[in-house]
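Colleague: Could you take me closely through one part of this model, starting from a loop and then moving to a strand and its neighbours?

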Amino acid sequence: MIRDDMRKPTREGVLAAAASIAELLPPTPLLPIEIGGVRCHVKAESLQPIGAFKIRGGWWRLSNLDEAEKKRGVVAVSSGNHAQGVAWAARRLGIAATIVMPRNAPQVKLEATRALGAEIVLYDRPGQDRDEVAAGIVSETGATLVHAFADAWVIEGQGSAGVEIAAQLGRAPSRLVACCGGGGLSAGLALACPDSAIHVVEPQGWDMVGRALEAGEVVRVAANPPATICDALQPDATGPIVLSVLHGRAEPGVTVTDEEVRAAQRFAFARLNLVVEPGGAAALAAALAAKVPVDEDTVIMVTGGNTDAASFAETLRG
């Protein structure tokens, strides 16, 4: 049920989202790091109140609902970070939120979403179609679907990070390296920073955006895709609305392995004092593995830090 609204995301929408979000949240830090002898920057979105950049799109989408839509509530599908972004915005705006989440989602994400007041509906991954589950709830309640990436307002909200980055740097970044699931963040950054190169980074076997960019059309995940520790970056496909922004605009996609992601998590902890979840470390993994170029105006998105202590400790032990 990847659905595109008739409305398309715009740079003007990104700027409006950034202004709205600036009234609620302080900018996340832009941290200097050195990779391969080159000084560049990390945007620490893992330090958002919900531990991920998804708070941006969640807020901008829900704050643009009309009063009738707010009364009917919202439905979202997520393994955890979009869930928390929507739940956070819903609680602040007094909107009922139902989140469809995989039964095997990290417990820390399930608990955090529930603590924000959202109702959680679990589904089996693999086995059940999460979009069908969400569609049933929407049909039954009249609630608004808040898609994690195939939504103009969500894309604009995520793009607000790019507006912050340009203000913090004092200039447009030369390139933005983004962890990529469905591509909403990458599309938003492309709109926010029209002169910056956009690099999408996905887990091996789950590069639905990279393949779509190459093919010029939406591509679905292959049968029996490989396991990945990046639970936040596992959509079956991107959406046409995302591809319409990124096609001809983004650089060729790159993929990272689980081991490269773990190395990036250890690097972020040792060098930046950041706790980063696997999906939030994918872009940094690509930079550290020299799969994307970096220069002094490169900004690498560290997108989430929602990981449990036990698995993070195991990663640190190597």
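**A close look**

Modeller: Val 275 lies in the loop between helix 11 (258-272) and helix 12 (282-288); helices (H or I, at least four residues) and strands (E, at least two) are DSSP runs, numbered from the N terminus. The model is predicted, so local features need pLDDT of at least 70 and side-chain atom pairs pLDDT 80 or more, while totals for chains, interfaces and linings use all residues. Residues are numbered from 1 along each chain as its sequence is written, and side-chain values use heavy atoms, leaving out hydrogens and water.

Because its relative accessibility is 37%, Val 275 counts as partly exposed, a class between buried (under 20% relative accessible area) and exposed (over 50%), with a 1.4 Å probe and protein chains only. Together with Phe 269 and Leu 316, Val 275 forms a nonpolar surface patch with about 220 Å² of accessible area, by the Shrake-Rupley method with a 1.4 Å probe. Patch residues have over 30% relative accessible area and no salt bridge, with like charges joined within 9 Å and nonpolar side chains (Val, Leu, Ile, Met, Phe, Trp, Tyr) within 5 Å; a salt bridge is a Lys or Arg side-chain nitrogen within 4 Å of an Asp or Glu carboxyl oxygen.

Turning to strand 3 (residues 74-77), Val 74 and Ala 76 on one side and Val 75 and Val 77 on the other are all buried. Strand 3 pairs in the parallel sense with strand 4 (residues 97-102) over four bridges, where pairing requires at least two DSSP bridges, and Ala 76 has Ile 99 as its bridge partner in strand 4. Strand 3 also pairs in the parallel sense with strand 6 (residues 144-145), over two bridges, and there Val 75 stands opposite Leu 145.
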